[in-house]
Amino acid sequence: MPLWQQIATIALCVLGTMTTRFLPFLIFKPGSRLPGYVKYLGKALPSAVFALLVVYCLKDVSLLSGSHGIPEALGMGLTALLHLWRRQMLLSMAGGTLFYSKRKIK
């Protein structure tokens, strides 16, 4: 890719990212009421995103061969326990990921 195409690609990525970051602040002024669908999306999307991540992470797990999904189940269990214990998302994700990656290496 020539230099001008690289610059154009980076500029378009920056423009797209900045537009999606600033557009909500331009559309919804401070102090105004949010529409009902925006409130609904704020409540529904976080759960939907995590459900999608779980499905994506478990799509290649085979229950009929190898370890039968035991490392994945243990990693998910540890993640759930850490979250119930501390209620800190970063700790939960890091703990489950580190546990799973250590189990996968062995």
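In which loop is H68 found? H68 sits in the loop between α2 and α3 (70-86), where helices (H or I, at least four residues) and strands (E, at least two) are DSSP runs numbered from the N terminus. The phi of H68 is near 60°, a positive value in a residue other than glycine. H68 is also partly exposed, with a relative accessible area of 42%; on this scale buried means under 20% relative accessible area, exposed over 50%, and partly exposed in between (1.4 Å probe, protein chains only). A further positive phi, of about 55°, belongs to R87, which is not a glycine either. R87 is placed in the loop between α3 and α4, and with a relative accessible area of 57% it is exposed.

The structure is a predicted model, in which local features need pLDDT of at least 70 and side-chain atom pairs count only at pLDDT 80 or more, while totals for chains, interfaces and linings use all residues. Residues are numbered from 1 along each chain as its sequence is written, and side-chain values use heavy atoms, with hydrogens and water left out. The pLDDT, which is the predictor's confidence in each residue from 0 to 100, averages 90 over the protein, and 96% of the residues score at least 70. Confidence is highest in α1, at a mean of 96, and lowest in α4, at 82.

A welcome landmark on the surface is a nonpolar patch. It is formed by Y37, Y40, L41, L45, V49, F50, L53, M89, L90 and M93, with about 1000 Å² of accessible area together. Patches of this kind are made of residues with over 30% relative accessible area and no salt bridge, with nonpolar side chains (Val, Leu, Ile, Met, Phe, Trp, Tyr) joined within 5 Å and like charges within 9 Å. The accessible areas come from the Shrake-Rupley method with a 1.4 Å probe, and for residues only the protein chains shown count as cover. Helix α2 (36-58) and helix α4 each supply at least two residues of the patch, and the largest share, seven residues, comes from α2.

M89 lies in helix α4 (residues 89-105) and is partly exposed, at 45% relative accessibility. Leaving aside neighbours within four places in sequence, M89 is in contact (heavy atoms within 4.5 Å) with F50 and H83. M89 and T79 are ten residues apart in sequence, and their C-alpha atoms are 9.1 Å apart in space. I27 counts as exposed, at 52% relative accessibility.

Side chains of opposite charge can pair when their charged atoms come close. With a salt bridge taken as a side-chain nitrogen of Lys or Arg within 4 Å of a carboxyl oxygen of Asp or Glu, the count comes to one. This salt bridge links D60 with K59, the closest N and O atoms being 3.0 Å apart. D60 is exposed, with a relative accessible area of 63%, whereas K59 is partly exposed, at 48%. Disulfides, defined as pairs of cysteine sulfur atoms within 2.5 Å, number zero in the structure. As for cysteines, C13 is partly exposed at 48% relative accessibility, and C57 is exposed at 55%.
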